[in-house]
Amino acid sequence: MIADPDIAGLARLIAAARRAVVFTGAGISTESGIPDFRSPGGIWTRYRPIDFDDFISSEEARREAWRRKFATDSTIREAKPNRGHRAVAALVRSGKVASVITQNIDGLHQASGVPDGRVIELHGNTTYAHCLDCKQRYEIEALRLVFEKDEKPPRCEACNGLVKTATISFGQAMPEQAMQRAQVETLAADLFIVAGSSLVVYPAAGFPELAKRNGAALVIVNRDPTGLDEFADLVLNRSIGETLGAAVGVE
């Protein structure tokens, strides 16, 4: 028996759902110690973001991008899934949640046990890199060891293409396949749970609106109000991990 009426309401919506989707943003990962890039003190308040076109055209921009990556990589590498991630993973294992659509690039959903095929990464993944041409994968630590010798931006061993973290940069096209999958899953959902997103970054933030217009119940769990709160069936301005963990019964 859940005493808190709001969390009990979330638990009832989850129990009644046949096919739910969880949509996550930075708020779930800040509880694992990963700073929100947009928050005060975040990397974007200290550095101007490097535009994708600059990365492509300028070796110095690529060098700076890799300097920043290696300077901040330990934060991502050392982060562990928190209670919110574990609650989402439990919902996926139970079959209640069909997919996790995430704006995050940290790989913590996969680390919590969500199969990679169930995670739709709208902004890519920073835990590895790939060639922009042939898509060959590269591990970050191996690239760091080479970069530290002469700070030369890495090139693909297979085709000599540019190697970049597998994230979506400013000015870079959104991943078409991921966006298509996210739309399909959103339209199939009867419950759409937003966890830790301010819902200000589009086109990603359009999925909760789409779900609601298509008849799904919309739940928003976020510490601060969002622009979609008035349309949601339930809004909980609380800790993500504490709220989802209590609703799902996961510590």
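Leucine 199 has a relative accessibility of 5% and therefore counts as buried, since the limit for a buried residue is under 20%. In this predicted model, leucine 199 sits in the loop that runs between β7 and α10. Its phi is near 60°, a positive value in a residue that is not a glycine. Most residues other than glycine have a negative phi, and most peptide bonds are trans.

**The loop between β7 and α10**

Further residues of this loop deserve attention. Proline 203 lies in the loop between β7 and α10, the latter spanning residues 206-213. The peptide bond that leads from tyrosine 202 to proline 203 is cis, with omega near 15°. Alanine 204 is found in the loop between β7 and α10 too, and its relative accessibility of 0% places it among the buried residues. Which residues does alanine 204 contact, leaving aside its neighbours within four places in sequence? They are Phe23, Gln103, Leu122 and His123. Valine 119 stands 85 residues from alanine 204 along the chain, and their C-alpha atoms are separated by 14 Å.

**The chain as a whole**

The secondary structure of the protein chain comprises 11 helices and 9 strands. Its radius of gyration is 19 Å, close to the 18 Å that the globule rule gives for 251 residues, so the chain is as compact as a globular protein of that length. Along the principal axes, the C-alpha atoms fill a box of roughly 60 × 30 × 30 Å. Of the 251 residues, 50% count as buried. The accessible surface comes to about 12,200 Å², and carbon and sulfur atoms account for 50% of that area. The chain carries 30 positive and 32 negative charges, whose mean positions are 3 Å apart. Among contacts between residues at least 6 apart in sequence, 66% join residues at least 24 apart.

**The largest nonpolar core**

In soluble globular proteins, nonpolar side chains tend to be buried together. The largest nonpolar core of this chain has 29 residues, of which Leu10, Val97, Leu191, Ile193, Val219 and Leu244 touch the most other members. The elements that each supply at least two residues of this core are α1 (5-16), β1 (20-24), α6 (83-94), β2 (97-102), β7 (191-195), β8 (217-221), β9 (234-236) and α11 (240-248). Which element gives the largest share of this core? The answer is α6, with 6 residues.

Valine 219 shows the contacts of one member in detail. When residues up to four places away in sequence are not counted, valine 219 touches Leu10, Leu13, Leu191, Phe192, Ile193, Val194, Leu234 and Leu236.

**Residues in other parts of the chain**

A positive phi also occurs at lysine 135, where the angle is about 70° although this residue is not a glycine. Lysine 135 is placed in the loop between β4 (124-131) and β5 (137-139).

Isoleucine 56 belongs to helix α4, which covers residues 52-57. Apart from neighbours within four places in sequence, isoleucine 56 is in contact with Arg62, Leu132 and Leu162.

Glutamine 172 occupies the loop between β6 (163-167) and α9 (176-188). With a relative accessible area of 19%, glutamine 172 is buried, because the limit is under 20%. Not counting residues up to four places away in sequence, glutamine 172 touches Phe52, Leu132, Lys164 and Thr167.

Glycine 107 is located in the loop between β2 and α7 (108-111) and is buried, with a relative accessible area of 15%.

| Pair | Separation in sequence | C-alpha distance |
|---|---|---|
| Isoleucine 56 and leucine 162 | 106 residues | 7.7 Å |
| Glutamine 172 and alanine 188 | 16 residues | 28 Å |
| Glycine 107 and asparagine 125 | 18 residues | 6.5 Å |

Technical notes
Residues numbered from 1 in each chain as written. Predicted model: local features only at pLDDT ≥ 70, side-chain atom pairs only at ≥ 80, totals over all residues. Heavy atoms only, no water. Helix = DSSP H or I, 4+ residues; strand = E, 2+ residues; numbered from the N terminus. Rg over C-alpha atoms; globule rule 2.2 N^0.38 Å. Buried < 20%, exposed > 50% of the residue type's maximum accessible area, 1.4 Å probe, protein only. Contact = heavy atoms within 4.5 Å. Areas by Shrake-Rupley, 256 points an atom, 1.4 Å probe, with all protein chains shown as cover. Lys, Arg positive; Asp, Glu negative; His and termini not counted. Charge placed at Lys NZ, Arg CZ, Asp CG, Glu CD. Core = buried A, V, L, I, M, F, W, Y, C linked by side-chain atoms within 4.5 Å.
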